Amino acid sequence: MVNFTSQDLEFMRQRGSAPENVEHQLECFQKGFDYADLDRAATIDDGIVRLDADLVEELVADYPNMLSGKKIVKFVPASGAASRMFKELYSYLSDDTPEIREKALNFLQKLPKFPFFEALSAALQKDGFDMQQELKNQNYKLIVRYLLESEGLNYGNQPKGLLLFHRYDDKIRTAVEEHLVEAALYAQNGGECFLHFTVSPQHQAGFEKLLQEVVPAYEQQYGVHYNIDFSIQDPATDTVAAELDNAPFRDENGNLLFRPAGHGALIHNLGKLDADVVFVKNIDNVITEDKVAPTVNYKKALAAYLLQLQSRAFQYLEVLESGDVDEMMLCEMLDFAESELMISMDEDFSAEALYEKLNRPIRICGMVKNEGEPGGGPFWVTNADGETSLQIVESSQINKKDEEQYGIMTNATHFNPVDMVCAFRNYKGEKFDLLQYVDPETGFISSKSYGDRTLKALELPGLWNGAMSDWITIFVEVPIETFNPVKTVFDLLRR
């Protein structure tokens with residue numbers, strides 16, 4: 001039991017933080033988080049569905065008809081700053097060792113190929129510098145500063161969504177614009193495109209300004225009308241920081257220090273959407289339009305597959321609610337739950353238990369073959385109650401010192417590129433309370449700094465793992481061509 005002061009309680013009240021939640025967070029620092037209990041890796045035909053080409057074609061063809069009367073939203077987490085993209089260039093500004101310098105020179109040699117080259121040249125020219133002359137004079141740090149810092153493009157402090165990402169013959173597009181294009185191609189219904197971006201408060205004006213400038217042209221080009229809104233990560237979802245001895249961390253004014261709790265907090269934002277189908281995709285996972293066809297096809301196929309499964313689940317739920325279920329029908333429902341929805345049921349299951357298992361939010365997660373890219377993996381995981389279910393598990397959640405668990409991890413054939421289609425209305429049309437399907441016993445503890453002090457930070461369960469732990473989850477293999485992340489600045493050249 002934490003003895004909060006009256007000042008603590010008032011501070012929490014003002015920021016919307018429930019004292020019982022803060023107390024639970026401090027307990028998490030004390031006890032830590034258990035590792036995931038991996039039963040086995042999910043593989044093709046054992047947790048991962050492979051759609052054959054004919055079925056994909058059929059689903060894509062059926063997709064428009066399935067959208068009748070449904071609201072589709074594209075949900076894009078876009079609050080992350082781009083600073084990590086430029087980690088090596090930041091190192092170059094402060095550390096001119098041969099290794100760091102070589103990486104910086106590699107970047108500078110390829111500079112004309114980057115989509116922001118002209119914008120960077122213009123920023124230099126505005127202050128009387130000529131790009132070619134500065135390169136000739138080896139004034140490299142000036143160029144890097146003008147890319148990263150406020151005297152120039154300030155890319156190190158901008159969100160990824162506002163960076164120039166892709167070069168075309170007649171234009172250059174930002175990541176946000178590529179999401180507008182994608183939405184028009186697979187996330188529109190009757191010409192209406194709904195997009196929701198989660199952003200940082202300090203960046204929202206920048207997003208609004210860019211969209212005001214570009215949306216009319218994209219509406220005309222694609223014959224759609226965009227409905228775009230934003231949300232920020234609710235400060236009430238921030239988590240308290242701790243000292244290294246797990247005591248509450250206090251700032252210079254004696255107040256508890258709260259920090260953003262990671263993307264898992266976005267389950268609050270997702271749950272507030274008014275939508276029947278939601279596409280979830282990271283801001284930096286976009287490709288040029290000439291290569292977007294596989295992404296569009298599989299997005300439509302995944303959504304159509306979800307709607308097929310949901311429709312059948314809804315029919316069974318209505319029958320279960322009526323109570324008019326014979327043994328043959330119950331066996332049919334059980335087969336559907338286990339073989340189609342990947343739900344593990346006890347041998348002595350009841351109609352009531354089946355009802356509970358079917359009456360949950362549903363998501364289909366695209367999985368790509370593991371070719372060395374980072375990302376959470378698909379596994380069958382056993383929970384504290386002995387139930388086994390499909391989960392996306394990050395490597396940090398796995399006890400690599402346990403030979404058996406490490407072996408299961410290394411047997412994973414696929415990983416999660418954050419490519420999801422979700423639905424969270426029940427068969428009566430009511431929205432599920434998504435907070436009821438979060439596993440509060442998953443999370444991450446990391447070391448951070450506050451000024452010259454070191455602290456422990458707590459991240460909530462990730463949006464696509466612990467925050468959706470108790471959803472109906474289906475993994476479907478998607479082509480590697482649909483995954484095009486930008487984690488470093490050099491990834492912009494992979495197009």
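**Close-up 1. The two sides of helix α6 in this predicted model.** On the face of α6 turned away from its buried side, you will find the exposed residues Gln-125 and Lys-126. The helix itself spans residues 117–126, and its buried residues are Phe-117, Leu-120, Ser-121, Ala-123 and Leu-124. These five cover an arc of only 160 degrees around the axis, which puts them on the same side of α6. Their cover includes α7 (131–136), α8 (140–148) and β5 (164–167). Follow the chain just past the end of α6 and you come to Gly-128, which takes a positive phi of about 90 degrees.

**Close-up 2. Helix α12 meets helix α13.** Two packed helices are described by the angle between their axes and the distance between the axes. Here, α12 (residues 293–322) and α13 (residues 327–339) have axes that come within 11 Å and cross at roughly 150 degrees. The crossing of α12 past α13 is left-handed. To trace the contact, look on α12 for Leu-309, Arg-312, Ala-313, Tyr-316, Val-319 and Leu-320, and on α13 for Met-329, Leu-330, Glu-332, Met-333 and Phe-336. Sorted by class, this contact contains nine nonpolar and two charged residues, with no polar ones.

**Close-up 3. Asn-285, a buried loop residue.** Start in the loop that runs between β12 (277–281) and α12, where Asn-285 sits. Its relative accessible area is 2%, under the 20% limit, so Asn-285 counts as buried. The Asn-285 side chain reaches the backbone nitrogen of Asn-484 at 2.7 Å. Leaving aside residues up to four places away in sequence, Asn-285 touches Glu-182, Pro-417, Thr-482, Phe-483, Asn-484 and Pro-485.

**Close-up 4. Val-368 and the residues around it.** Strand β13 (residues 362–369) is the place to look for Val-368. With a relative accessibility of 0%, Val-368 is buried. Now find Asn-416: along the sequence it is 48 residues from Val-368, yet in space the two are 6.7 Å apart, C-alpha to C-alpha. Again setting aside residues up to four places away in sequence, Val-368 touches Thr-413, His-414, Phe-415 and Pro-417, as well as Val-478, Pro-479, Ile-480, Thr-482 and Phe-483.

Methods: Residues are numbered from 1 along each chain as its sequence is written. This is a predicted model: local features need pLDDT of at least 70, side-chain atom pairs count only at pLDDT 80 or more; totals for chains, interfaces and linings use all residues. Side-chain values use heavy atoms; hydrogens and water are left out. Buried means under 20% relative accessible area, exposed over 50%, partly exposed in between (1.4 Å probe, protein chains only). Helices (H or I, at least four residues) and strands (E, at least two) are DSSP runs, numbered from the N terminus. The arc is that of the directions from the helix axis to the C-beta atoms. Contact means heavy atoms within 4.5 Å. Axes are lines fitted to C-alpha atoms, for helices over the stretch in contact, and angles run from 0 to 180 degrees between N-to-C directions. A crossing is left-handed if the near helix is turned anticlockwise from the far one by less than a right angle, and right-handed if clockwise. Ala, Val, Leu, Ile, Met, Phe, Trp, Tyr, Cys and Pro count as nonpolar, Asp, Glu, Lys and Arg as charged, and the others, Gly among them, as polar. A polar contact is a pair of N or O atoms within 3.5 Å; within protein, one must be able to donate a hydrogen and the other to accept it, and residues adjacent in sequence count only if both atoms are side-chain atoms.
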